[in-house]
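Consider the sequence and the structure below together.

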Amino acid sequence: MPELVDSLNCPKCGGPLKLGPGDVIVTCPYCGTASRLRSGTPFLLRHGMLTARLDRAAATAALESWLEGGFLKPADLRRASRVTSLECVYVPFFVFEVDVKTSYAGVLTRTGTNERRAGTVPRDYFWKVLGRRGSDFPVREYKLPLAYKVPFDTAGMLPESRFLNAEFDEEEAVRIVRQEVEAHERELLKDLVDVVEEARTEAAVKDAEFLHAPIWLAGYAYRDREYRIVLDAASGEVVRGDIPPPTGGLGEFLKDAGRGIFGR
Ligand SMILES: [Zn+2]
């Protein structure tokens, strides 16, 4: 028998929960309590959010200033573009503080002599894991502006914003963070040795938090094509913006460049 997931209520205030198909950690739209679906264990992580400092008008202004110009952008981008969609979405993240120690042994070959190297490198990280599966959100480019963090409160959310629940819980997020940190440490070893013979990373998760970050997702049309801009509603930074290719193809681009050089 299929589960009637849409009939669930908040364990704290009894309010009806809004559920998406893959949701696992659900936040109550009335009291803001985060709870775990289909499980007897409560969700205990601290739940924070980032303050949205850009309302719709400020977001529009930020988009227009981004379209105004900059490296590799067509000269008429601002003039010939029109913002076609703009929506604020609260995106869920798990944020971990991780203490890492990587022990390695290997050989340095770049000096021409095969020098043996070994050692232990300690590091610590604040590492974020996006709480959604199969999303194309630019996680790597996005720097969580933790300076704007406050306790989660539905009253502090921007009006008419969309809210995303997490599609997996903190246990799975811890597995992901361990894998990602290990891969990252492995990458960093390439600075120390050219041939890695042994590497072992111990990662201790010291602190974990659940966090919702407000993001403006915008679409704009330029010369009959659609492009996307992802804008951080807390910091005001453009996380990623699609830039159209130079107008008219390479021929016109070269002609323009020539005009610049010969002053015609
Ligand atoms: Zn509630």
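Is Leu86 buried, partly exposed or exposed? Leu86 counts as partly exposed because 16 other C-beta atoms lie within 10 Å. By the cut-offs used here, a residue is buried if 20 or more other C-beta atoms lie within 10 Å of its own, exposed if 12 or fewer, and partly exposed in between, with C-beta atoms placed from the backbone. The model is a predicted one, in which local features need pLDDT of at least 70 and side-chain atom pairs count only at pLDDT 80 or more, while totals for chains, interfaces and linings use all residues. Residues are numbered from 1 along each chain as its sequence is written.

Leu86 belongs to strand β4. Helices (H or I, at least four residues) and strands (E, at least two) are DSSP runs, numbered from the N terminus. Leaving out residues up to four places away in sequence, Leu86 touches Arg56, Ala59, Thr60, Trp216 and Ala218; a contact requires that the C-beta atoms of two residues, placed from the backbone, lie within 7 Å. Leu86 and Tyr220 are separated by 134 residues in sequence, yet their C-alpha atoms are 9.0 Å apart.

Strand β4 (residues 81-108) pairs with β8 in the antiparallel sense over 26 bridges, and Val83 has Tyr220 as its bridge partner in β8.

Strands β8 and β9 form a hairpin with two residues between them, and Arg223 in the turn has a positive phi of about 50°. Asp224 is in the loop between β8 and β9, and its phi, near 65°, is also positive. Most residues other than glycine have a negative phi. Asp224 counts as exposed because it has 5 C-beta neighbours inside 10 Å. Elsewhere, Glu160 has a positive phi near 60°. Glu160 lies in the loop between β6 (149-151) and β7 (162-163), and with 8 C-beta neighbours inside 10 Å it counts as exposed.

What of the interior? A nonpolar core is a set of buried Ala, Val, Leu, Ile, Met, Phe, Trp, Tyr and Cys residues joined through C-beta atoms within 7 Å. The largest such core has 46 residues, of which Leu63, Phe93, Ala213, Trp216, Leu231 and Ala233 touch the most other members. At least two core residues come from each of β1 (25-27), β3, α1 (56-67), β4, β5 (115-130), α3 (170-189), β8 and β9. Strand β8 gives the most, with nine residues. Apart from neighbours within four places in sequence, the contacts of Leu231 include Ala59, Leu63, Trp216 and Val239.

The protein chain as a whole has four helices and ten strands. Of its 264 residues, 25% count as buried. Its radius of gyration, taken over C-alpha atoms, is 24 Å, whereas a compact globule of 264 residues would have one near 18 Å, by the rule of 2.2 Å times the number of residues to the power 0.38. The C-alpha trace spans about 75 × 60 × 40 Å along its principal axes. Among contacts with a separation of 6 or more, 69% join residues 24 or more positions apart.

Technical notes
Pairing = 2+ DSSP bridges.
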